[in-house]
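Please consult the sequence and structure shown here while reading the points below.

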Number of protein chains: 2
Amino acid sequence: MKTKESKIPEATIKRLSTYINCLERLQAENNPVTSSEMLGESCQVSPAQIRKDLSYFGEFGVRGVGYDTKKLEGEIKEILGLNHNWPTTVVGVGKLGQALLNFAFFSKHGFRIIAAFDSDENKIGNEIAHGVTILPTTEIEKTVKNEKITIGIITTPADSAQEVADKLVAGGIKGLLNFAPIKVKVPEIITLRNVSITSELDNLAYLLTQKKR
Amino acid sequence: MKTKESKIPEATIKRLSTYINCLERLQAENNPVTSSEMLGESCQVSPAQIRKDLSYFGEFGVRGVGYDTKKLEGEIKEILGLNHNWPTTVVGVGKLGQALLNFAFFSKHGFRIIAAFDSDENKIGNEIAHGVTILPTTEIEKTVKNEKITIGIITTPADSAQEVADKLVAGGIKGLLNFAPIKVKVPEIITLRNVSITSELDNLAYLLTQKKR
DNA sequence: GCAACAATGTGATAACTCTCACAGGATCGT
DNA sequence: ACGATCCTGTGAGAGTTATCACATTGTTGC
Ligand SMILES: NC(=O)c1ccc[n+]([C@@H]2O[C@H](COP(=O)([O-])OP(=O)(O)OC[C@H]3O[C@@H](n4cnc5c(N)ncnc54)[C@H](O)[C@@H]3O)[C@@H](O)[C@H]2O)c1
Ligand SMILES: NC(=O)c1ccc[n+]([C@@H]2O[C@H](COP(=O)([O-])OP(=O)(O)OC[C@H]3O[C@@H](n4cnc5c(N)ncnc54)[C@H](O)[C@@H]3O)[C@@H](O)[C@H]2O)c1
């Protein structure tokens with residue numbers, strides 16, 4: 001896979017992720033081959049945008065024909081690094097944490113849930129999917145280190161997020177996905193993404209307010 | 001196609017939403033006044049970006065001083081339309097739907113959960129927060145119409161999302177937030193946002209893969 | 001009252017992202 | 001074998017968003 005060293009738009013990465021979904025659907029609908037137009041129709045992105053996005057990483061189609069859906073899905077997963085096996089942990093097994101843990105998506109995209117942590121004594125010891133039990137937060141550093149966990153998902157309340165992040169970092173975590181509504185601070189080497197589900201709702205409210213005018 | 005009048009970056013709206021969080025935190029930490037620098041530090045946005053974002057909507061600060069945290073929070077909520085009272089419904093009360101329903105954020109941002117729907121007979125009739133019981137999906141159109149519900153949140157599996165969206169639209173919904181990993185199609189007048197939580201994880205995997213090189 | 005200071009608001013500019021149009025390569029029918 | 005047709009890949013340009021620099025304006029101390 002050749003990666004041209006020009007900078008790749010973040011929006012492109014986000015779209016690549018959605019292309020995977022659409023390609024799966026197209027396969028399920030018996031399309032061994034698709035065009036940028038068909039794929040664009042399926043995921044509501046312009047055909048030109050799709051071709052440009054892919055062109056950052058190489059040539060995956062056949063001119064005059066289109067893309068092999070299965071192969072392209074594999075290529076995109078390779079680009080995104082989803083063919084690795086990412087040892088992952090979730091800290092804060094509340095409502096949102098449980099929703100995430102339950103989600104079949106994980107295994108399909110190469111994320112393997114190795115451990116889960118919570119500070120609630122009543123939850124500790126409970127078994128969640130795949131023979132993983134909830135551990136106390138005192139075990140975070142040790143477990144992350146021993147199991148070589150690379151990705152940490154934070155779904156604790158906001159006022160615990162920084163403390164949890166620190167523990168994960170101490171254990172040697174590589175990447176963090178933070179769902180708590182606070183920007184946690186971590187060393188430069190850590191890859192951090194703050195996810196704000198709620199801003200989507202706010203955004204919707206804004207758009208609706210605009211339309212009224 | 002429309003909204004030619006407003007050339008406000010989508011990214012700006014997203015940031016405004018995070019500013020609210022940060023302003024709340026600053027208030028909790030006894031800062032009646034803040035500067036764009038302090039706020040920027042708090043939510044990891046450059047001071048210039050914050051000032052530019054706000055400048056699209058007016059002048060909210062005092063030169064040489066800064067911003068009144070409480071007042072600015074109110075102004076941003078006004079801009080985003082969060083001071084309205086948005087009658088809202090959730091369709092698909094599974095893991096994710098429950099996580100959302102439980103979330104205190106709603107009332108604070110002006111979203112009022114009026115109804116919830118599910119196709120699972122075992123769930124119908126169950127009471128969720130605030131005296132709202134889960135209704136069968138056959139009631140969607142009628143309820144949306146009668147209760148004047150304006151915002152619909154879709155948290156069903158992907159293969160039900162379009163059908164659910166159609167019912168909500170038939171009832172006269174104004175805005176839709178779709179969490180299912182499929183792009184639903186709705187008439188132009190409906191404001192639609194597709195939310196992809198999973199793409200954040202994919203994105204993290206990508207960033208980690210890049211760093212290895 | 002005024003100078004020194006602090007932090008906003010904004011035009012100019014740089015950086016980034018998307019769109020368009022078409023050249024280039026592949027396939028098919030005759 | 002070759003022209004017609006199809007769809008990709010991409011450079012150039014348009015459009016959008018972020019950054020910078022500073023003029024502006026309110027505050028404080030003397
Ligand atoms: N629920 C949603 O839809 C939603 C949406 C967006 C963001 N969020 C954010 O996600 C986070 C979790 O939300 P939730 O609804 O699941 O809340 P929740 O209260 O259901 O779950 C929080 C969990 O974290 C655990 N916890 C608390 N302190 C901890 C600590 N120091 N270490 C480890 N675990 C700890 C609690 O025991 C609990 O199990 C919150 O920050 C919330 O703002 C939630
Ligand atoms: N759980 C997550 O963390 C997560 C993250 C991102 C996206 N999603 C997406 O959100 C959706 C829900 O995820 P989940 O984990 O809550 O799944 P879930 O299976 O726990 O919940 C789905 C719910 O929808 C109901 N349902 C099914 N068909 C319906 C219909 N036609 N009308 C009304 N209700 C119907 C089911 O009875 C169930 O209660 C899925 O599309 C999933 O891909 C989930």
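In the side chain of Arg63(A), an N or O atom is 2.9 Å from a sugar or linking oxygen of DNA strand D; a polar contact here is a pair of N or O atoms within 3.5 Å, and within protein one atom must be able to donate a hydrogen and the other to accept it, with residues adjacent in sequence counting only if both atoms are side-chain atoms. The model is predicted, so local features need pLDDT of at least 70 and side-chain atom pairs count only at pLDDT 80 or more, whereas totals for chains, interfaces and linings use all residues; side-chain values use heavy atoms, with hydrogens and water left out. Residues are numbered from 1 along each chain as its sequence is written, while chains are lettered from A and ligands numbered from 1 in the order in which they are written.

**DNA strand D**

- Two or more residues each are given to the surface near DNA strand D by α3 (47–55) of chain A and by α1 (10–28) and α3 (47–55) of chain B; helices are DSSP runs of H or I with at least four residues, strands are runs of E with at least two, and both are numbered from the N terminus.
- The largest share of this surface, four residues, is from α3(B).
- DNA strand D is surrounded by 26 residues, the closest being Ser36(A), Arg51(A), Arg63(A), Tyr67(A) and Arg63(B); a residue is near a strand if one of its heavy atoms lies within 4 Å of it.
- Sugar or phosphate accounts for 70% of the atoms of DNA strand D within 4 Å of the protein, and bases for the rest.
- The surface near DNA strand D has nine nonpolar, eight polar and nine charged residues (nonpolar: Ala, Val, Leu, Ile, Met, Phe, Trp, Tyr, Cys and Pro; charged: Asp, Glu, Lys and Arg; polar: the others, Gly among them).

**DNA strand C**

- DNA strand C has 27 residues around it, and the closest are Arg15(A), Ser36(B), Arg51(B), Arg63(B) and Tyr67(B).
- A backbone N or O atom of Ser36(B) lies 2.5 Å from a phosphate oxygen of DNA strand C, and a polar side-chain atom of Arg51(B) lies 2.8 Å from a base nitrogen.
- Of the atoms of DNA strand C within 4 Å of the protein, 67% belong to sugar or phosphate and the rest to bases.
- The largest share of the surface near DNA strand C, four residues, comes from α3(A).

**Interface of chains A and B**

- Chain A and chain B each bring 66 residues to the contact (heavy atoms within 4.5 Å).
- About 5900 Å² is buried between the two chains, 63% of it on carbon and sulfur atoms; buried area is the accessible area (1.4 Å probe) that two parts lose on being put together, summed over both.

**Sheet of chain A**

- Seven strands form an open sheet of mixed pairing in the order β5-β6-β4-β3-β7-β8-β9; two strands pair if DSSP finds at least two bridges between them.
- Strands β5 (127–128) and β9 (191–194) are the edges, each pairing on one side only.
- Strands β3 (residues 86–91) and β4 (residues 111–118) run parallel and are joined by six bridges, with Val90(A) opposite Ala116(A).
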